[in-house]
Amino acid sequence: MKVEPRYPLRTKLVAGLAVAGLLLASPFGLGFAQVPKTQIYDVKTRTWIPYDSSKARRYYAANGQVPEAFRRQMVTFRTAEKPGTIIIDGNQHFLYLVKGGGQAIRYGIGVGRDGFGWAGIVRVGRIAEWPTWTPPAEMVARDPNAVKFAGGMPGGPDNPLGARALYLYEGDQDTIYRIHGTPEPWSIGLNVSSGCIRMNNDDIVDLASQIQVGAKVIVLMQGASLYKGV
C-alpha cells in the first residue's frame, strides 16, 4: 500500500519520535500501543513544534477551524483495498475513505491518548444519527465525570459522540470502539480519546453519507500488532 498525500506548506504533519508499543491482550484480537505526538511546522521559526491541546485550542479560537492538513480533502492514495474501505493512520491523525482511481478523501481525526491506541481490521456494524452515548463500565470506574451518564446520555450537540457514530464490530461482536463526531472540533489532530476515532461533525456526517454498514475498516498504529494483518 503506497500513500502519496499532498501536504500544505504551512501545516505539514509528521509523527513524533517512534515509541515502544505496549501490547495488551484484547478479546477482539486488537493490538494496543502508545501513539506518537503531533507536530506542525512553524514557518516563522522554521522548526517543528509540538501541537498539543493548548495550542490546538488557541489555533481554533483564532481561525475557527483546524490546521489545513486536518481539513477534508481529496488526495492521491494507492491501495489494493476496494472503494468504500476506511483506512485509519492513527500516527498521522488521518482517516482515508478509498474512492478508487488512486484517490481517497482524507479527513483529520483525533485518536487514543497514550495507552489507548490500537490497531486491527474491523467493520462498520451500525450507523447512528445523533447517537446516545453510554460510557463503558471501565470508563465509569475510572472517570468520575462519566458516572452520571452510566445509563446513557441522549444525542445532541453536547454529546461526546457528536452528530454521527459508526459502531465498529469484529465479526458480530461490538468492539466498543466508534468513529464518531465531537463537540470539541479543536481536538482534531490530537491524542485525546479512550480509543475511539473522533472527527469534526461536518466530516463524520460526510463520511457516514458515503459508506454502508459492513464497510471494512483498517486501523493502523505504530507499535501495535495487526489483527489478521494488512
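Me: Leaving aside neighbours within four places in sequence, with which residues is L207 in contact in this predicted model?
Reply: In this predicted model, contact requires heavy atoms within 4.5 Å. With neighbours within four places in sequence left aside, the partners of L207 are I86, L95, L97, Y107, L166, I179 and M199.

Me: How many residues does the largest nonpolar core have?
Reply: L207 is among the residues with the most contacts inside this core, as are I86, I88, L95, L166, I179 and V217. At least two residues each come from β7, β8, β9, β11, β12, β13, α3 and β16. The size of this largest nonpolar core is 24 residues.

Me: Which residues does the second, separate core include?
Reply: This second core has 17 residues. Included in it are I40, F77, I188 and I218.

Me: In which sense do β13 and β15 pair, parallel or antiparallel?
Reply: Strand β13 (residues 173-180) is joined to β12 (residues 164-170) by five bridges, and these two strands run antiparallel. On its pairing with β15 (residues 197-198), β13 has two bridges, and I179 stands opposite I197. The sense of the pairing between β13 and β15 is parallel.

Me: Which residue takes a positive phi in the hairpin of β12 and β13?
Reply: Y169 stands opposite D174 in β13. Two residues lie between the strands of this hairpin. The positive phi, near 70°, belongs to G171.

Me: Over which residues does pLDDT stay under 50, with 79 contacts beyond four places in sequence in the model?
Reply: The chain averages a pLDDT of 80, and 78% of the residues score at least 70. Where pLDDT is low, the predicted coordinates should not be read in detail. The stretch with these 79 contacts is residues 1-28.

Notes. Residues are numbered from 1 along each chain as its sequence is written. This is a predicted model: local features need pLDDT of at least 70, side-chain atom pairs count only at pLDDT 80 or more; totals for chains, interfaces and linings use all residues. Side-chain values use heavy atoms; hydrogens and water are left out. Two strands pair if DSSP finds at least two bridges between them. Helices (H or I, at least four residues) and strands (E, at least two) are DSSP runs, numbered from the N terminus. pLDDT is the predictor's confidence in each residue, from 0 to 100. A nonpolar core is a set of buried Ala, Val, Leu, Ile, Met, Phe, Trp, Tyr and Cys residues joined through side-chain atoms within 4.5 Å. Buried means under 20% relative accessible area, exposed over 50%, partly exposed in between (1.4 Å probe, protein chains only).
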